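Please read the following alongside the sequence and the three-dimensional view, keeping both open as the text moves from one region to the next.

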Amino acid sequence: MSLPHKNICIHGHFYQPPRENPWLEAVEVQDSAYPHHDWNARITAECYGPNAFARILDGDGYITDIVRNYEYISFNFGPTLLSWMERHAPETYERIIDADRRGVKRFGGHGSAIAQVYNHMIMPLASERDKRTQVEWGVRDFAYRFGRDPEGMWLAETAADTATLEALAEFGLKFTILSPYQAQAVLPPDARCDKPENWVDVDGGRIDPRRPYLFRLPSGRSIALFFYDGPVSQGVAFGDLLSSGDAFAHRLLGLFSEPGGEEPAGSELVHIATDGETYGHHHPSGEMALSYCVNYIQSNELARFTVYGEFLENMPPDHEVLLNEPSSWSCAHGVERWRGNCGCNSGMKPGWSQSWRAPLREALDWLSSELGALYEEHTAPLLRNPWAARDAYGRVIINRTEGTLNAFLHAQARTELVEEERIQVLRALEMQRYAMLMYTSCGWFFDEISGIETVQIMQYAARAIQLARELSGYDLESEFVAKLVEAPSNIRRLRNGQGVYDDAVKPATVTLERVGSHYAVSSLFESYEDQARIACFQISNEDYEYHEAGKHRLAVGQARVHSTITEESKRVRFAVLHLGDHNIIGGVSPVSRAGRSARLQRLIQESFLENNIPGTILLIDQAFGRNSYLLWDLFRDEQRKVLEQLLTMTYREVGISYRRLFQTNYSILQALKTARMPIPEALATPVRHVLNSDLRRVFSCDGPIDLQELSNAVTEFHRWPFEPDPDTISNAIAAKLTAMMRDLERNPQNDPILENLVHVYEILKPLELEIALHEQQNIYFAIAWRIGPERFVREPEHRRRRVALLGEYLKVRVPFITAE
């Protein structure tokens, strides 16, 4: 199809750095993301989810439509982020995938999504092998998720040079998107490229962004480059353009050429590119400004929304371009931000130096070289082509099933591998995976070497070093850490990279024995099946005995710990003693002589059952020596869960005390209120606690809400000059109401649930709580349109009235939902 003159493309780069603990393959709790579990979860709630369910509002602030923003824009998602989202935010994930399917229909066979280099590596600084693997894994991941081959690929930080663009073109990718400041010169159509005077200087962001450009490669291939509009992209990302969807729309429309002016021949493309998190995370409600902008332009037929693939098919480039090489969108000095103290930083820590960046890069480059040599040495006898196997290993990472792994090994191995050879090959390949993950760009982006992003890539390096040790017996850690000494920290206590490594990386290291200890200690607080899963480890219970004596608890046994990633296993024996509170003593060690293990376990149990606690402790110490573990050795999430269990009794006792104070002093509290005197803090704290506890308890029930109990709790709150705690109360209410809405979604004719929901919202209204309604509104909207106008008019009057009332409370207006 031919395109009109005015075309708009809005690109969102949706990305989070890999956050998984490299030993557990799971994202652990991150306190800075509270009230969410981690930053992936928080940004999903603030951005990725809202853009999958974006609101269109009327003049009264009511929702009139819920749309997939992704369907109308161009976007890329980091493969590691989509992998997390597939497991932890499946509804949002599926709407993103579906938006691309819809985009294929909307944009003449060209989907909304483009690919991304796998783990956001700065490609001009990557080795040729890493460039290839990054592109191949990104392409494979895209095809696995979106069911088609990508046409374009996003480069981390838009960092580009000729070698990087060659890697993209080699895999058949047709285009990428760059900053206007990355363009150096342009060659007009039909002008000879060998005459310097024909090239027009566009340095300093002066390139016309309204057309694609051709970049010729030394191989004879070429690739199309789109240079986004810089000022408007800046205004969206860092200015106030998203404060008004109307202003956003008119700013985009103002970029088209005036009739009769100098303009590209044929169709024009107005396009911007920003971090996708701009729409909702960096700018709250930014996704609503985006959806309004798209709806306003489309409904008024002011321009047509398109994507890069469609525009490129209809308007192939007739201008050539030269680049400033290497260059990126977030460093004015090329790519120095990721290898030097160039002055680019967050601006949040004036006076801090980034002189740690170069030594960190040098240490990782040295490590990468060493790991590459070990990889070749130990896989060459087993694999037909070790580096081709690494490229192909992306299929396994993307879809870790036994069938995928077996097919991969069958295709890549010289002969059928025995168990130990399989383990060696998988260790080597995982070592190479972490050798690339340790180059994730965010490790250098911010201000301090002890920041969570930099610690993350250092943990990837530590995991690669551990795998190298297991693969070859060669220990690279001491020399690597020695190189980190040259990377100074801005925090005096840490001094340098070695201090950061010792403080935040070394303690995070996990071995099979530590997994066994986690299993043993946590088994005191939760029951496991004989076959249990802990992170990426399978635990097989071979022998387990549990005893209680007063407040003391003892677990002794034996288990097999198996990694589902490298297939290595170890049988461990353990004994753990809980002395009450947080006091735990225990030990774990590899199984050696079965008879000796059984005898020691029997002696420990006998001593415990005789209530000889000092003797039990001594026997555990004799049996396990230095291989002892405490509560603090639990993985972070389980540690939090156990501590919460241990605090339950304390919470209960505090609650009883506070309630007694409240009830005992109720009369004097009323007298203070009548006299308009402030309640002393010593009494205010118990009152707040009781009021919030009573309200929270109402919403902790199974089934429908007790309306009388809720009414009493709300009435009591109104008697006192306190507000409900916004975090604990609002979250509890939102979770319960969402669960009830999901019950209603399963059965929209369930009148008791519908009636209960309407009354709950009605009773809560006087509290004026800030309740997260997002999911409830999504469900209501889906229910309403599933019922449809024809069926709705046939519903009983009482049901129509309640559905309409529920919509009022949720601030959702569907045209055919009325109480009449």
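Leaving aside its neighbours within four places in sequence, which residues is Gln-432 in contact with? Before the reply, a word on the basis of what follows: this is a predicted model, in which local features need pLDDT of at least 70 and side-chain atom pairs count only at pLDDT 80 or more, while totals for chains, interfaces and linings use all residues. Residues are numbered from 1 along each chain as its sequence is written, and side-chain values use heavy atoms, with hydrogens and water left out.

Once those sequence neighbours are set aside, Gln-432 is in contact (heavy atoms within 4.5 Å) with Leu-371, Gly-372, Tyr-375, Trp-387 and Arg-390. Gln-432 has its place in helix α14, where helices (H or I, at least four residues) and strands (E, at least two) are DSSP runs numbered from the N terminus. At 3% relative accessibility, Gln-432 counts as buried; here buried means under 20% relative accessible area, exposed over 50%, and partly exposed in between, with a 1.4 Å probe and protein chains only.

Side chains of opposite charge can pair when their charged atoms come close. A salt bridge (a side-chain nitrogen of Lys or Arg within 4 Å of a carboxyl oxygen of Asp or Glu) joins Glu-430 to Arg-400, with the closest N and O atoms 2.9 Å apart. This pair links distant parts of the chain, since Glu-430 belongs to helix α14 (residues 419–437) and Arg-400 to the loop between α12 (394–398) and α13 (402–412), 30 residues apart. Glu-430 is buried at 1% relative accessibility, whereas Arg-400, at 33%, is partly exposed.

Elsewhere, salt bridges that share partners join Arg-68, Glu-71, Glu-94, Asp-98, Arg-101, Arg-102 and Arg-106 into one network. Asp-201 pairs with Arg-206, the closest N and O atoms lying 3.3 Å apart, and Asp-201 is partly exposed at 46% relative accessibility. A search of the whole structure finds 60 salt bridges.

The cysteines give another picture, for the structure holds zero disulfides (a disulfide being a pair of cysteine sulfur atoms within 2.5 Å). For Cys-47, the nearest cysteine sulfur is that of Cys-442, 15 Å away, and Cys-47 is buried with a relative accessible area of 0%. For Cys-344, the nearest cysteine sulfur is that of Cys-342, 3.7 Å away, and Cys-344 is buried at 12%.

Finally, consider the second largest pocket, which holds about 1,600 Å³ of space. On a 1 Å grid over the protein atoms alone, a pocket is an open set of points where a 1.4 Å probe fits, with protein on both sides within 12 Å along at least five of seven lines, and lining residues have an atom within 4 Å of a point. Grid points are joined across faces, edges and corners, and the volume is the space filled by probe spheres set on the points. Of the 50 residues that line this pocket, the closest to its centre are Asp-275, His-282, Arg-337, Phe-445 and Phe-446. The largest share of the lining, five residues, comes from α6.
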